[in-house]
Amino acid sequence: MRSLDLVVIGLYLIAMPALGLLLSGKQKSSQDYFVGGRQLPWWAVCFSVVATETSTLTVISVPTVAYLGSFTYLQLAIGYLIGRIVVSFVLLPRYFAGNLVSAYAFLGQRFGTGLQGTASVTFLITRLLADGLRLFATAIPVKVMLAAFDVHLSYWQIIALLAVLTVIYTYFGGIKAVVWVDAIQMFVYIGGAILAGIILFGKLPGDWFSTAMAEGKFQLLDFSSSIITDQYAFFTAVIGGAVFAMASHGADQLMVQRLLACKDLKDGRRALIASGVVVALQFGLFLFIGTMLWSFFKGATPESMGLASSDELFPQFIVNDLPPGISGLFIAGILAAAMSTLASSLNSLSTSTVSDLYQRLSKKPLDDAAVLKMGKLWTLVWAVVFVVFASMFTSTENPVVEVGLSIASYTYGALLGAFLLGLLVKRARQADAIIAFVATIAVVLYFVIGVSFPDGEGGETSLAFPWYTPLGVIVTLVVGGLLSLRHSRYTEETVPETV
């Protein structure tokens with residue numbers, strides 16, 4: 001009977017590339033390929049943003065956070081919504097006014113191509129590391145499921161298969177295919193989660209809710225933990241989450257490109273703010289599932305259950321306790337989350353490579369047909385590189401969602417800080433911005449590697465990852481601001497005009 005799961009998964013893997021090609025239409029220009037001709041509806045873009053940032057980390061790892069802790073992770077969603085609102089009214093108007101296809105083109109117009117290239121390269125490296133980890137996370141439940149059918153594939157083989165299937169519609173359909181498939185995939189994994197939650201609820205004892213409540217599993221706000229070292233302390237989560245969202249949705253090409261595919265600024269704002277609400281609801285859903293899993297497994301530790309990683313908790317339930325067909329649907333949902341993130345990454349990496357680097361470094365201008373051809377070529381190149389990067393991850397002791405977020409935090413402060421430096425410090429020049437950018441990454445990495453704080457239990461631990469982005473922003477503004485004092489006041493003749 002479990003072969004039904006394989007049939008469901010197989011049909012999904014065939015259907016998604018086909019739907020992507022069908023919905024995308026023909027790509028006649030680079031604008032079509034990179035930003036969909038700026039004609040995509042805001043609600044589809046909203047769902048694409050949600051699907052892109054959700055990924056497999058949310059589906060399998062957020063329940064783990066609730067299983068091992070409580071609902072305090074939801075505090076991050078409060079910050080995420082605040083950060084999105086700020087981006088909607090501060091940064092988004094700049095992008096639409098400049099008719100841009102890349103977020104870093106703004107830096108090029110404000111400072112020069114040197115900083116534009118620096119920011120783009122930083123984005124490329126960050127996306128490879130963070131989304132490479134996300135791809136590895138996807139392979140965890142898939143490997144568990146296939147092993148149940150006596151099919152044994154390595155992580156890199158699973159990753160390569162997903163990459164091949166995703167690159168088909170990304171290569172031919174561009175951002176249109178990515179957005180529409182993302183929207184469909186969001187409903188696939190949400191539908192699978194709801195069905196799994198309903199079935200799980202039916203397997204719980206009658207007093208599970210009161211027991212979980214008495215154990216503090218539904219605690220939402222945390223004012224007692226250290227704001228320096230605990231990522232789920234209230235002020236850490238809200239402030240850090242807000243600044244992180246400002247960087248991820250205002251200074252990261254992965255998200256900005258989707259918003260630029262909207263018809264106008266008003267639709268872009270709708271898509272961005274609405275996505276924050278949807279993400280908060282998703283967090284709540286997966287945290288609730290994690291708490292129900294805690295009751296179902298009677299609070300047993302992952303080690304006592306024979307699991308190699310705590311992130312195998314939810315996949316274990318999916319494979320062993322869901323009815324045939326339903327477990328296949330949920331695995332398809334996990335694949336949907338991974339494929340949406342991978343497709344978005346490939347498209348944004350290709351866009352940034354061509355518009356921020358290749359066109360700037362090329363000695364001769366390219367016509368639109370050549371730009372479109374290069375965009376598709378770099379989609380293939382990055383797909384290969386992604387498989388290599390994702391295969392580098394083999395295990396992790398912490399829930400992968402925490403590791404993934406912390407990787408992005410290492411560079412987000414410098415990226416967001418560069419944008420704010422251009423907006424707030426009129427004297428700043430390109431040299432100031434580049435020096436501040438490099439100094440920021442060095443300082444943040446120093447805090448990550450070489451600085452520790454008392455953990456309150458007699459030991460030491462690192463700075464909570466939500467603080468990495470605010471720290472980076474402050475360093476960029478301080479260093480860039482001090483360096484800018486060397487120059488006379490801003491004039492249009494000496495500094496490229498902002499968009």
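**Salt bridges in the predicted model**

Arg486 is exposed, its relative accessible area being 54%; exposed denotes over 50% relative accessible area, buried under 20%, and partly exposed in between (1.4 Å probe, protein chains only). The structure is a predicted model, in which local features need pLDDT of at least 70 and side-chain atom pairs count only at pLDDT 80 or more, while totals for chains, interfaces and linings use all residues. Residues are numbered from 1 along each chain as its sequence is written, and side-chain values use heavy atoms, with hydrogens and water left out.

Side chains of opposite charge can pair when their charged atoms come close. Three salt bridges are present in the structure, a salt bridge being a side-chain nitrogen of Lys or Arg within 4 Å of a carboxyl oxygen of Asp or Glu.

Arg486 takes part in one of them, with Asp432, the closest N and O atoms lying 2.4 Å apart. Because Asp432 is in helix H17 (residues 430-450) and Arg486 is in the segment after helix H18 (468-484), this pair ties together parts 54 residues apart in sequence. Helices (H or I, at least four residues) are DSSP runs, numbered from the N terminus. Asp432 has 0% relative accessibility and so counts as buried.

Arg84 and Glu53 form a salt bridge with a closest N and O separation of 2.2 Å. This pair also links distant parts of the chain, Arg84 in helix H4 (residues 75-90) and Glu53 in helix H3 (residues 42-68), 31 residues apart. Both residues, Arg84 and Glu53, are buried.

In the salt bridge between Asp267 and Arg270, the closest N and O atoms are 3.5 Å apart. Asp267 and Arg270 are three residues apart in helix H12 (residues 265-296), and therefore about one helical turn separates them. Asp267 is buried at 11% relative accessibility, whereas Arg270 is partly exposed, with a relative accessible area of 38%.

Conventions
Helices (H or I, at least four residues) and strands (E, at least two) are DSSP runs, numbered from the N terminus.
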